[in-house]
Amino acid sequence: MPNRLEDWARTIKRDVHALYLASRDPRVPWYAKALGVAVAAYALSPIDLIPDFIPVLGYLDDLIIVPLGIFAVIRMIPQDIMAEHRAAAAAAESSPVSRRAAVVIVGIWLLSAVLTGWLMYRWFALDGAHHLR
């Protein structure tokens with residue numbers, strides 16, 4: 001069983017790198033590039049949108065969302081082009097790391113925290129003002 005999981009993880013890692021390479025290929029349709037960049041950036045980001053320390057949900061993106069995104073993009077790219085980029089990804093020493101995606105994800109978390117704080121303030125401020133009447 002561990003060998004199957006390791007093989008699956010290697011395949012996912014290779015396909016993410018292949019999507020990164022395919023997103024730079026002029027033969028790939030623009031919509032596949034756009035989704036491919038989003039999936040590859042998210043998968044290569046050192047920060048998850050849902051942190052892994054959150055029980056169950058933390059690994060949901062790693063186990064379901066990323067593979068489904070990869071599957072969707074791979075179906076949009078012609079098979080011969082994808083095979084070419086898979087071979088290049090397999091031959092590469094290591095996968096790139098997207099620091100830009102990490103900054104975007106941190107920005108989303110900060111924006112979410114600010115929005116949550118503002119909404120809570122409005123809720124309690126309006127609730128408190130309503131009770132004073």
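Is Asp15 buried or exposed? Asp15 is buried, with a relative accessible area of 6%. Here, buried means under 20% relative accessible area, exposed means over 50%, and partly exposed lies in between (1.4 Å probe, protein chains only).

The model is predicted, so local features need pLDDT of at least 70 and side-chain atom pairs count only at pLDDT 80 or more, while totals for chains, interfaces and linings use all residues. Residues are numbered from 1 along each chain as its sequence is written, and side-chain values use heavy atoms, with hydrogens and water left out.

The protein contains five helices and zero strands. Along the sequence, the pattern reads α-α-α-α-α. Helices (H or I, at least four residues) and strands (E, at least two) are DSSP runs, numbered from the N terminus. The protein has 133 residues, and 28% of them count as buried. A contact means heavy atoms within 4.5 Å. Among contacts with a separation of 6 or more, 73% come from residues 24 or more positions apart. Accessible areas come from the Shrake-Rupley method with a 1.4 Å probe; for residues, only the protein chains shown count as cover.

The largest nonpolar core has 20 residues. Such a core is a set of buried Ala, Val, Leu, Ile, Met, Phe, Trp, Tyr and Cys residues joined through side-chain atoms within 4.5 Å. Val16, Leu19, Val28, Ile70, Ile77 and Met82 touch the most other members. Two or more residues of this core come from each of H1, helix H2 (30–44), H3 and helix H4 (79–91). Leaving aside residues up to four places away in sequence, Val28 touches Ala22, Lys33, Ile77 and Ile81.

The surface carries a nonpolar patch. Its members are Leu5, Trp8, Leu57, Tyr59, Leu60, Leu63, Ile64, Ile65 and Leu68, with about 860 Å² of accessible area together. Helix H1 (2–22) and helix H3 (57–76) are the elements that give two or more residues to the patch. H3 gives the most, with seven residues. Patches are made of residues with over 30% relative accessible area and no salt bridge; like charges are joined within 9 Å, and nonpolar side chains (Val, Leu, Ile, Met, Phe, Trp, Tyr) within 5 Å. Leu63 lies in helix H3. Leu63 counts as exposed because its relative accessibility is 52%.

Charged pairs complete the picture. Side chains of opposite charge can pair when their charged atoms come close. A salt bridge is a side-chain nitrogen of Lys or Arg within 4 Å of a carboxyl oxygen of Asp or Glu. The whole structure holds four salt bridges. Asp15 pairs with Arg14, and their closest N and O atoms are 2.9 Å apart. Arg14 is partly exposed, at 27% relative accessibility. Asp15 also meets Arg86 in a salt bridge (2.8 Å, N to O). This pair links distant parts of the chain: Asp15 sits in helix H1 and Arg86 in helix H4, 71 residues apart. Arg86 has 26% relative accessibility, so Arg86 counts as partly exposed.

Another salt bridge joins Arg27 and Asp25 (2.7 Å, N to O). Arg27 is partly exposed, with a relative accessible area of 43%. Asp25 counts as buried, at 7% relative accessibility. Through shared partners, salt bridges join Arg14, Asp15 and Arg86 into one network.
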